[in-house]
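Work through the exercises below with the sequence and the structure open beside you. Try each task yourself before you read its solution.

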Amino acid sequence: MKRIAVYCGASRGKNPIYETHAIMLAKWIASHRYGLVYGGGKIGLMGIVADTVLNNGGSVTGIIPQFLVDREIAHPRLDQLIVTEDMDVRKKKMMELSDCCIALPGGPGTLEEISEAVSWVRVGENDSPCIFYNVNGYYDLVAQFFDQMVSEGFLTQEDRAKVFFIDALDEIEKVISSYQPPVVRKYAK
């Protein structure tokens, strides 16, 4: 079974469209028989995605650091809950266990996690497609920033083309089925 890592907010956001699309993505994951790998929480969009996958017969693996377990936000009914010593181990484990990385809207943690996944693709440590699920134009400014990286010479156009900003679920399936990881970056002396 292929597994999809979903990064998303520990809150629901102000606009109900984010919750609606979290449910749509989760139902899509379950209906395509993908397993969900996510941050292990029971709150916010994280909890909504996990609950929806579970309620639709899907498999869910949560990966959560001990300090968040101690704060009692771990989801109580997952197929598997992996407790890590810290956030760094959590992020690495999520990438190891997944075949695709998708970011729903979220805060700085969500942005940091998907950005790290993108960065690891460029250096050959993550061979999964990285997708910003651009609900309601949420990631438009991030897409513009990646374009600026290209125009300023910090990112190649070829590598930029491997960072996906998508607003429809059928496009996600196309990316997953046709994705070829970029050639591992070489550094000039």
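**Exercise 1.** How much space lies in the largest pocket?

*Solution.* The model is a predicted one, in which local features need pLDDT of at least 70, side-chain atom pairs count only at pLDDT 80 or more, and totals for chains, interfaces and linings use all residues. Residues are numbered from 1 along each chain as its sequence is written, and side-chain values use heavy atoms, with hydrogens and water left out.

A pocket, on a 1 Å grid over the protein atoms alone, is an open set of points with protein on both sides within 12 Å along at least five of seven lines, and its lining residues have an atom within 4 Å of a point. The volume is the space filled by probe spheres set on the points, which are joined across faces, edges and corners. For the largest pocket this space is about 260 Å³. Of its 17 lining residues, the closest to the centre are Cys-8, Ala-10, Met-46, Arg-90 and Glu-113.

**Exercise 2.** Which element gives the largest share of the lining of the largest pocket?

*Solution.* Helices (H or I, at least four residues) and strands (E, at least two) are DSSP runs, numbered from the N terminus. The elements that give two or more residues to this lining are β1, α4 (87-97) and α5 (108-122). The largest share, four residues, comes from α5.

**Exercise 3.** Which elements each supply at least two residues of the lining of the second largest pocket?

*Solution.* About 160 Å³ of space lies in the second largest pocket, whose lining includes Leu-111, Phe-132 and Phe-146. The elements asked for are α5 and α6 (140-151), and α5 gives the largest share with five residues.

**Exercise 4.** Are the residues on the two faces of strand β2 buried or exposed?

*Solution.* Begin with a general rule: in a regular strand the side chains alternate between the two faces of the sheet. In β2 (residues 35-38), Gly-35 and Val-37 lie on one side and Leu-36 and Tyr-38 on the other, and all are buried, where buried means under 20% relative accessible area, exposed over 50% and partly exposed in between (1.4 Å probe, protein chains only).

**Exercise 5.** In which sense does β2 pair with β3?

*Solution.* Two strands pair if DSSP finds at least two bridges between them. β2 and β3 (residues 60-65) pair in the parallel sense over three bridges, and Val-60 is the bridge partner of Leu-36. Strand β1 (residues 3-7) and β2 also pair in the parallel sense over three bridges, with Arg-3 opposite Gly-35.

Conventions. On a 1 Å grid over the protein atoms alone, a cavity is a set of points where a 1.4 Å probe fits but cannot get out, and a pocket is an open set with protein on both sides within 12 Å along at least five of seven lines; lining residues have an atom within 4 Å of a point.
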